[in-house]
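Have a look at the model first.

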Amino acid sequence: MRSFCVECGTEGPVHGGLCANCLPQKRSLVDLPSVLELERCVHCGRFHVPRGWAETELEDALRQTVAKAAAVSRDVRDHQVLLHMDLRHSDEVGLRLSHRLVLPELVAEQVSEARVRLKRTTCPDCARQHGQYYEAILQVRAFDRPVAEEEMETIRGFVEERMRGEPRLFVAKEETMHGGLDIYLSSNRAAKALAQRIKAHLGGKVSSSPKLHGRRGGHDVYRVTYAVRLPAEAA
Ligand SMILES: [Zn+2]
Ligand SMILES: [Zn+2]
C-alpha cells in the first residue's frame, strides 16, 4: 500500500497521515518547560540529577534534566536528545535541543529551546558535614535598583577566589532575594574582607551589624551581617 503525506503530498512513510517533515510542524511530539532548574552543590560540585546527586559533567547533567522534564507523545518509542549549550552567564545556560523521535512508521526530528537556571546549593551530604554552620552573612543590595547580573558574577568570583586560597572557607547558603544577594559564609574575617573588596571594586557603602548568636567557651558568639550597598549607578 502506498501512502502519502496529507500535508505536502510526499509519498512514503507517514504517521497519522503526516510525513517526517510535516509531522513535527503540525503536532508537538515532545513538550518541555521553557525554563528548567539544575542544582549544583557549591562544595563538592555534584549536580542534582533526577536520580540523585551525581558527579558528572554539566552537559550530562543537563541531558538528564531535559530527558526527565520532557513530556513525550505516547506514540514515541524512543527519544534521544542532542544538546547545544550556550553558557550565558555563571548561573544560566541556554539550550538548543534537537529531539530524535522514533515512531512506529518513521523517525522525526523536532527542535526546541530551553533555559536552565543553575542553582548553587549545598547537597545533603555536604550539609551534614558542615552542619550549615556560618559566622557571617554578606548581604549585597544596590540603591534604587536591583543588583546587576554582572555585579553578582563579580562578587561570586571574589568569593570563589577567596575559597581557593582558604580551603576551610565555605558558603553555607546563597540566596538571591529583594534584588540582591545573601551569601552565608563560614568565616567572619573572610566576609569582612570580601565586603571591603566589593566596595573597593564596585563602589558603595559597607555597614556591619553583629547579632548575639550564643556562647561558646565562656565567650559571646556573634553572627555578623555585612551589608554592602552598591551605588545607584553601576560601576
Ligand atoms: Zn509532508
Ligand atoms: Zn556536596
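The largest nonpolar core in this predicted model has 26 residues, with Leu-138, Val-140, Val-171, Leu-185 and Ala-191 making the most contacts inside it. A nonpolar core here is a set of buried Ala, Val, Leu, Ile, Met, Phe, Trp, Tyr and Cys residues joined through C-beta atoms within 7 Å. Buried means 20 or more other C-beta atoms within 10 Å of a residue's own, with C-beta atoms placed from the backbone.

**Who builds the core**
- At least two core residues come from each of β9 (136-142), α4 (149-165), β10 (171-177), β11 (180-185), α5 (188-202) and β13 (219-230).
- α5 gives the largest share, 6 residues.
- Helices (H or I, at least four residues) and strands (E, at least two) are DSSP runs, numbered from the N terminus.
- Skipping residues up to four places away in sequence, Ala-191 touches Ala-136, Leu-138, Leu-185, Val-224 and Tyr-226; touching means C-beta atoms, placed from the backbone, within 7 Å.
- Another core, of 9 residues, lies apart from that one and includes Leu-32, Ala-61, Leu-62 and Val-116.

**The chain overall**
- You'll find 5 helices and 13 strands in the chain.
- Along its principal axes, the C-alpha trace spans about 90 × 40 × 25 Å.
- Buried residues account for 23% of the 235 residues.

**Reading the model**
- Residues are numbered from 1 along each chain as its sequence is written, and chains are lettered from A and ligands numbered from 1 in the order written.
- As the model is predicted, local features need pLDDT of at least 70 and side-chain atom pairs count only at pLDDT 80 or more, while totals for chains, interfaces and linings use all residues.

Methods: Buried ≥ 20, exposed ≤ 12 C-beta atoms within 10 Å, placed from the backbone. Contact = placed C-beta atoms within 7 Å.
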